[in-house]
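Reader: I would like a close look at one part of this model, with the charged side chains as the topic. Please give the cut-offs along the way.

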Amino acid sequence: MANSRKEIDTSDCPIESTLAIIGGRWKVRILWELHLGNRRYGELRRTLDGISEKVLTQQLRQLQDDGIVERIELGGVPPGVEYQLTPIGRALDPVMRAIDAWHRERTHPPEKI
């Protein structure tokens, strides 16, 4: 898949290529929030403590360009905007759940009997 920021070579390692698209400090956190449900821009901004408006806007645009997130205009006064995962983005749900389970098991391993 071509990426708007650079051409990604998927022939070497598909995992590395995927991480080039969804990796970074904020994208995974944005994807996790959207995995939990649609969010308005302001909700994302409040939930992602420490992210600047500029960075959030850039990250959302990149995720849109890569077909993972879509922007839904809600209309109204003032006009509202909501972000949601596309079907391609929703396909990451099992991966997100697996990473969450791996983290929980690693940080809170079950007690051995």
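Are Glu33 and Arg39 buried or exposed?

Author: This is a predicted model, in which local features need pLDDT of at least 70, side-chain atom pairs count only at pLDDT 80 or more, and totals for chains, interfaces and linings use all residues. Residues are numbered from 1 along each chain as its sequence is written, and side-chain values use heavy atoms, with hydrogens and water left out.

Glu33 and Arg39 are both buried (under 20% relative accessible area, where exposed is over 50% and partly exposed lies in between, with a 1.4 Å probe and protein chains only). Their side chains form a salt bridge at 3.4 Å, N to O; the term stands for a side-chain nitrogen of Lys or Arg within 4 Å of a carboxyl oxygen of Asp or Glu.

The structure has four salt bridges. Another one of them joins Arg90 to Asp93, with 2.8 Å between the closest N and O atoms. Here Arg90 is partly exposed, at 34% relative accessible area, whereas Asp93 is buried, at 8%.

A further salt bridge links the side chains of Arg104 and Asp100 (3.0 Å, N to O). These two residues lie four apart in helix H6 (residues 93-107), so about one helical turn separates Arg104 from Asp100. Helices are DSSP runs of H or I with at least four residues, strands are runs of E with at least two, and both are numbered from the N terminus. Asp100 is partly exposed, with a relative accessibility of 23%.
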